[in-house]
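Good morning, and thank you for making the time.

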Amino acid sequence: MLDKKLLIKSPELVKKNLSKRGYILKVDQWMKLEAERKIAQVNLETNQENLNKLSKEISKSKEDDGLKDQASSLSTLVKQDKEILQSIQNNIDEFLLDIPNLLDETVPIGKDEASNEIIDEKGEIPNFSFEPKPHSFFIDKIDRGRGVKIAKSRFTVLSGEIAKLHRVIGQFMIDTHTKEHGYEELYVPYIVNKASLVGTGQLPKFEEDLFKLTESPDLYLAPTAEVPVTNLHRDEKLTLKQLPINYVCHSPCFRSEAGSYGKDTKGLIRQHQFDKVELVKICNPEKSEDEHAKLIADASKILDLLELPYRKVILSSGDTGFSASKTVDLEVWFPSQNTYREISSCSNFTDFQSRRANLKYKADMGNEFCHTLNGSGLAIGRTLAAILENYQTEDGSFIYPEVLKKYI
């Protein structure tokens with residue numbers, strides 16, 4: 001959620017920034033709502049003040065003189081004023097919740113991913129003496145349509161060595177982030193409430209992307225551990241000494257993949273259920289940029305250790321997510337597609353999520369909103385897919401990355 005003070009003071013400046021995303025801020029609607037709020041606020045305060053004065057007169061007066069009837073009328077007006085103000089405030093909240101975050105000034109301008117900028121490439125792309133097989137070749141041999149049989153499309157069953165490799169990858173990531181990078185490991189619910197999804201920005205705008213529990217309308221399957229982990233401190237006031245907070249969490253993620261019909265139907269790239277190791281940071285705004293750089297480095301370290309070729313890409317204004325101010329993607333090489341595919345999005349949300357989740361810290365000048373950041377460290381299914389493709393052998397098998405052999 002954007003700072004209302006900034007919207008009141010500089011609506012045109014906000015509009016110009018958001019236009020880079022292709023989002024049109026309705027300044028006239030905002031000004032109208034704010035004007036209505038001010039009038040309702042003044043009416044409420046005036047009538048409340050008059051009621052307070054009248055109540056004092058009644059307590060001092062020995063005779064009624066119709067004062068109680070006046071007080072009753074004013075009390076009714078105050079109640080109505082509160083209802084009117086609350087209705088206007090609800091409209092304002094609805095308006096604000098629809099507005100995306102302001103973009104960092106370093107974000108490249110562009111309509112979509114075609115304008116993303118490559119900032120680094122690492123690792124050696126493998127040179128096979130044979131035609132590399134897609135990772136779906138390995139997955140299909142063990143799944144045999146069972147994921148579809150027991151659920152529906154975009155669900156997969158893993159077994160044997162590949163199931164073990166999937167488990168091992170997650171353990172390796174957790175060990176690296178806790179032992180080498182200093183993150184605290186969490187285990188969180190796989191079901192989250194509406195307030196949590198509003199806090200991180202999935203609701204109300206992206207409800208169609210979620211799996212909703214029909215018997216409990218305010219509960220959803222978590223689309224990413226970002227939601228429960230970031231909301232861990234919702235409505236709390238942290239101390240400066242507690243910051244930065246670094247959490248790592250391995251959890252399944254559930255997404256409806258609305259609007260992705262026909263895309264990546266084979267393999268593990270776009271599933272309704274997938275596992276991810278999520279990194280979440282909560283920090284002092286002054287350290288936000290440094291923590292973003294650390295987040296990217298920590299996620300990249302996994303790919304370095306696995307010796308997988310990858311690149312870092314800063315997303316353009318049109319490709320940056322709703323809640324993010326700036327995002328750097330890590331894209332890993334897939335030989336069968338002869339291209340890089342996203343395996344982690346490392347985003348700085350500045351105070352956008354904190355305002356929605358009321359997450360503050362005690363500063364010298366009063367309570368201030370924290371900055372939040374998160375990124376995959378990494379998506380386990382996509383990491384498994386990348387290993388199968390980059391470490392495959394001519395006989396249709398694969399070898400393990402050196403760093404994983406101690407786990408096997």
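By a disulfide I shall mean a pair of cysteine sulfur atoms within 2.5 Å. What we are looking at is a predicted model, in which local features need pLDDT of at least 70 and side-chain atom pairs count only at pLDDT 80 or more, while totals for chains, interfaces and linings use all residues. Residues are numbered from 1 along each chain as its sequence is written, and side-chain values use heavy atoms, with hydrogens and water left out.

How many disulfides does a search of the whole structure find? The search finds zero. Cys249 is in no disulfide, and the nearest cysteine sulfur, that of Cys253, is 8.9 Å away. Cys253 likewise is in no disulfide, its nearest cysteine sulfur being that of Cys249, at 8.9 Å. For burial, I use relative accessible area with a 1.4 Å probe and protein chains only: buried is under 20%, exposed is over 50%, and partly exposed lies in between. Cys249 counts as buried, at 1% relative accessibility, and Cys253 is buried with a relative accessible area of 1%.

Let me now turn to the overall picture. The secondary structure comes to 12 helices and 13 strands; these are DSSP runs numbered from the N terminus, helices being H or I of at least four residues and strands being E of at least two. The C-alpha atoms fill a box of roughly 100 × 45 × 40 Å, taken along the principal axes. Of the 408 residues, 49% count as buried. A contact here means heavy atoms within 4.5 Å. Among contacts with a separation of 6 or more, 74% are between residues 24 or more positions apart.

Next, the sheets. Strands of a sheet pair through backbone hydrogen bonds, either parallel or antiparallel. I count two strands as paired if DSSP finds at least two bridges between them.

Ser251 stands opposite Lys276 in β7.

Is Thr327 buried or exposed? Thr327 is buried, with a relative accessible area of 3%. Leaving aside residues up to four places away in sequence, Thr327 touches Val313, Ile314, Leu315, Thr320, Ser345, Cys346 and Ser347. The side chains of Thr327 and Ser347 are joined by a polar contact of 2.7 Å. That term denotes a pair of N or O atoms within 3.5 Å; within protein, one must be able to donate a hydrogen and the other to accept it, and residues adjacent in sequence count only if both atoms are side-chain atoms.

There is also an open sheet of three strands, in the order β5-β11-β12, with mixed pairing. β5 and β12 stand at the edges, each with a single partner strand, so one side of each is left without a neighbour in the sheet. The twist here averages 45 degrees from one strand to the next. Strands β5 (residues 237-239) and β11 (residues 360-363) run parallel, joined by three bridges, and Lys237 has Lys360 as its bridge partner in β11. By contrast, β11 and β12 (residues 366-369) pair in the antiparallel sense over four bridges. Tyr361 has Glu368 as its bridge partner in β12, and a hairpin of two residues joins β11 to β12.

Finally, the backbone. Most residues other than glycine have a negative phi, and most peptide bonds are trans. The peptide bond from Leu203 to Pro204 is cis, with omega near 5 degrees; Pro204 is placed in the loop between α8 (194-200) and β4 (219-221). A cis peptide bond also joins Gly377 and Leu378, with omega about 15 degrees, and Leu378 lies in strand β13.

Glu307, which is not a glycine, has a positive phi of about 55 degrees. Glu307 is found in the loop between α10 (288-306) and β8 (310-314), and is exposed, with a relative accessible area of 56%. Asn338 also has a positive phi, near 55 degrees. Asn338 lies in the loop between β9 and β10 (339-348), and is exposed at 56% relative accessible area.

Technical notes. Axes fitted to C-alpha atoms, helices over the stretch in contact; angles between N-to-C directions.
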